[in-house]
Amino acid sequence: MDIFHLYLLQLLILCISLPFIFRIYRRKPISLKLTPGRKGWPIIGETLEYAMANKNGTPEKFITDRMRKYSTQVFRTSLLGENFAVFCGASGNKLLFSSENKLVTTWWPRSMEKMVLFPNYVGYSAKVETAKIHALRPEFLNPEALQRYIPIMDSMSKQHLETDWSPCKQVKVFPLLKKYTFAVACRLFLNIKGHDQVSRLAYPFSLVSAGLISIPINLPGTAFSRAMKGGKLIREELLGIIRKRKMELSENIGSAQVDLLSHMLLRRDENGRGMEEKEIAHIIIAFFIASYDALGAAITVVLNFLSEFPQVYSNVLKEQKEIAKSKGKDELLNWENIQKMKYSWNVACEAMRLAPPAQGVFGEVIADFSYAGFTIPKGWKTYWTVNSTNKNPEYFPDPEKFDPSRFEGKGPPPYTFVPFGGGPRLCPGKEYARVEILTFMHNVVTKFKLEKVNPNEKFIYNLSPIPENGLLVHLHPLNN
């Protein structure tokens, strides 16, 4: 046999042997039992189904349908081009709330980051900015600070009702409450009082709010394009405000640490370094988005249920009248008064259970872990949502019934009612929201009785519940 045929024979033997050698020596792959579910369409996944459930006013249906079909503990879906593990029930909430920066970390969709963040911060800023926001909670949102805000909120709500509600026989509640909560945020966060400057900030925020979960196509006329322009306007406006305030503080103009902006400008870390201007702008934007959307929506759904249930309204009015009687004619609300509004807060909680002001929060898995017998791979996104517990009869019997007594005594079981999150993921503005909701409830129920023009007006969902016609109500002034 010549040398050529010898090499040919060896090559043939090698080719035949390689698959067997590979099978013997290759490393056996780890079998991953991924969460059950479906990915939906290429790229968009189940985003359209999720959006339609929100548009139909039944965001919980997207969750509960898949819980029944796949698992009551965790299921897989695909949203915004990402693989998601949706954690369900009290145990799922507890896991995510207790695993921050251990198994999961904060994550924002890239399209959302592009809207609100400065371009050089996109892609790596969500976790950092969220940590800084939470770090401010003990200083700017502690009970001592909130006590200073109550009289301001009280006087502003009185003025708002007198100016924008009293001259009218009918009002659209939702747009007026967005206007009010945004004005309060401008006053407390930036010490801005002028109507023109508040309006100049409110317009671009309305563009961002409308486009936060839009399809990320940056073409003229799209909601995403308008949101991108709105974000740019907000960042430019805030930088101007921040730089002006820095100059005023350096010249000792105005009082120190009165609002969030001054507080952040004067804040120093353990190395004596202050916060960067763009970081401050990001934090202010986050606070404003929460005030503009979730807080306005929360008060709207409370008033919606007060107008539906006359006996509940009467009970709230009785509690608020007792508080009003204990005060002088022009005396404003204080911390002690807020603490006495127990039934009113139960009503607000039940309203938020049935129509939650926020649907949930996204996260990102930073280490493989197992849950309920399934593997959750690193890199997947997570979603905890109020919609797996709020109307679950296991936690809330007769879940569609409006019943504030659910929150008496110890209230619902732990991790079942989480409109503000929990653990390290507790919304830093929870107490701020509670104070503002109760302050406005006090003023509106002691001034008007509300009657819905359309008793069947439907709520649709963007990030928050939105009444289709703005919640149009008749105003029946009370004889006080």
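## Overall make-up

What percentage of the 480 residues of the chain count as buried? In this predicted model, 50% of them do. The chain holds 16 helices and twelve strands, and residues 24 or more positions apart account for 72% of its contacts with a separation of 6 or more. The chain exposes about 23700 Å², of which carbon and sulfur atoms supply 57%.

## Aromatic pairs

The count of aromatic pairs comes to 23. One of them joins Tyr-50 and Phe-62, whose ring centres lie 5.3 Å apart with 85° between the planes; because planes over 60 degrees apart count as edge-to-face, this pair is edge-to-face. The pair links distant parts of the chain, with Tyr-50 in helix α2 (residues 47–55) and Phe-62 in helix α3 (residues 59–69), twelve residues apart. Tyr-50 is buried, with a relative accessible area of 16%, and Phe-62 is buried as well, with a relative accessible area of 3%.

The rings of Phe-87 and Tyr-371 have their centres 5.3 Å apart and their planes at 55°, so this pair is tilted. Phe-87 belongs to strand β2 (residues 82–87) and Tyr-371 to strand β6 (residues 369–371), 284 residues apart, and both Phe-87 and Tyr-371 are buried.

## Ring cluster and charges over rings

Ring pairs link Tyr-50 and Phe-62 with Phe-84, Trp-107, Phe-362 and Tyr-383 into a cluster. Within this cluster, the face of Phe-62 has Arg-66 lying over it, at 3.8 Å from the ring centre. Elsewhere, Arg-434 lies over the face of Trp-335, at 6.0 Å from the ring centre.

Notes:
Residues numbered from 1 in each chain as written. Predicted model: local features only at pLDDT ≥ 70, side-chain atom pairs only at ≥ 80, totals over all residues. Heavy atoms only, no water. Helix = DSSP H or I, 4+ residues; strand = E, 2+ residues; numbered from the N terminus. Buried < 20%, exposed > 50% of the residue type's maximum accessible area, 1.4 Å probe, protein only. Contact = heavy atoms within 4.5 Å. Areas by Shrake-Rupley, 256 points an atom, 1.4 Å probe, with all protein chains shown as cover. Phe/Tyr/Trp six-rings, centres within 6.5 Å; stacked < 30°, edge-to-face > 60°. Lys NZ or Arg CZ within 6 Å of the ring centre and 35° of its normal.
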